[in-house]
Amino acid sequence: MIILSMQETTAVAVVAAVVLGLVLLFVLKGKEASAAPAAPARPKPEGPFTLEQVAKHNTEEDAWIIIEGKVYDITSYVEEHPGGDAILRNAGGDSTAGFKGDQHPRTVWEVLPMYYIGDLKKPLKELEAQIAARLKSAGAVLTASAPGKWAGKEGKHVPLVEIHGGVATVTVPHGMDEDHFIELVWAKDQTGAVVAAAEFKPGAAVKAELKFALPTGATAITAYESCNLHGVWASAVFKC
């Protein structure tokens, strides 16, 4: 039988208390971590997305939803959702009404941005109305050979066009700062009809790029962009 002195007994008690405290600390930390939703690293916006693109992401393993015109990838949150599979009812579609229900606390709006991946693309007809309004306010369409009062800014404003395998890509080599950015990019065919368009909002990760399949019968494409500070610019005519 081992008999400990008073000092040894005290030392053992102190060590035991420290060990017990550490164990309790780890247990509590573990509970806190499991109680919090698994928030992914904020993805870079990749939109705008069409309704057709969003509709393809409608399963538990790949779930996107639309809320007030913005697209969110909630795949990593599905298992953590307090309401269970209810979050999947509108997967691949618009969940604005359900998201604004009384069952959701206000704090959910603070978490939501972590799942944002881009905006929902507006219908072409709606964008055509914006294009018409922008052209009217700009007055003149600027080009590389006729930059008007913005001579010297052609390099960042004239749209670049590439056509490969029936797909056209329009890129504007311009920054997307909060106070200086590209608002709209669109393309017209040889008849002057708008065949593709996209709206953009400022952001460091945003790229003013429009990619689309060439419509049947298109023989030429001209690209346009609208800068919030420097008017509307057009590319040269590209043969398809």
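**A guided tour of the predicted model**

Begin by selecting Glu-80, which is partly exposed, with a relative accessible area of 33%. The model on display is predicted. Glu-80 belongs to the loop that connects β3 (70-73) with α3 (96-99).

**The open sheet**

Now display the strands β1 to β4. These 4 strands form an open sheet in the order β1-β2-β3-β4, with antiparallel pairing. The edge strands are β1 (58-59) and β4 (116-119), each of which pairs on one side only. Select β1 together with β2 (residues 62-67): 2 bridges join this antiparallel pair. Within the pair, Thr-59 has Asp-62 of β2 as its bridge partner.

**The hairpin**

Proceed to residues 160-164, strand β6, and residues 167-171, strand β7; the two strands run antiparallel and are joined by 5 bridges. Select His-164 to find Val-167 of β7 standing opposite. Which residue in the turn of this hairpin has a positive phi? The residue is Gly-165, with a phi of about 55°, and the turn places 2 residues between β6 and β7.

Finally, select Glu-178, located in the loop between β7 and β8 (182-189). Is Glu-178 buried or exposed? Glu-178 counts as exposed, because its relative accessibility is 63% and the threshold for exposed is over 50%.

Key:
Residues are numbered from 1 along each chain as its sequence is written. This is a predicted model: local features need pLDDT of at least 70, side-chain atom pairs count only at pLDDT 80 or more; totals for chains, interfaces and linings use all residues. Side-chain values use heavy atoms; hydrogens and water are left out. Buried means under 20% relative accessible area, exposed over 50%, partly exposed in between (1.4 Å probe, protein chains only). Two strands pair if DSSP finds at least two bridges between them.
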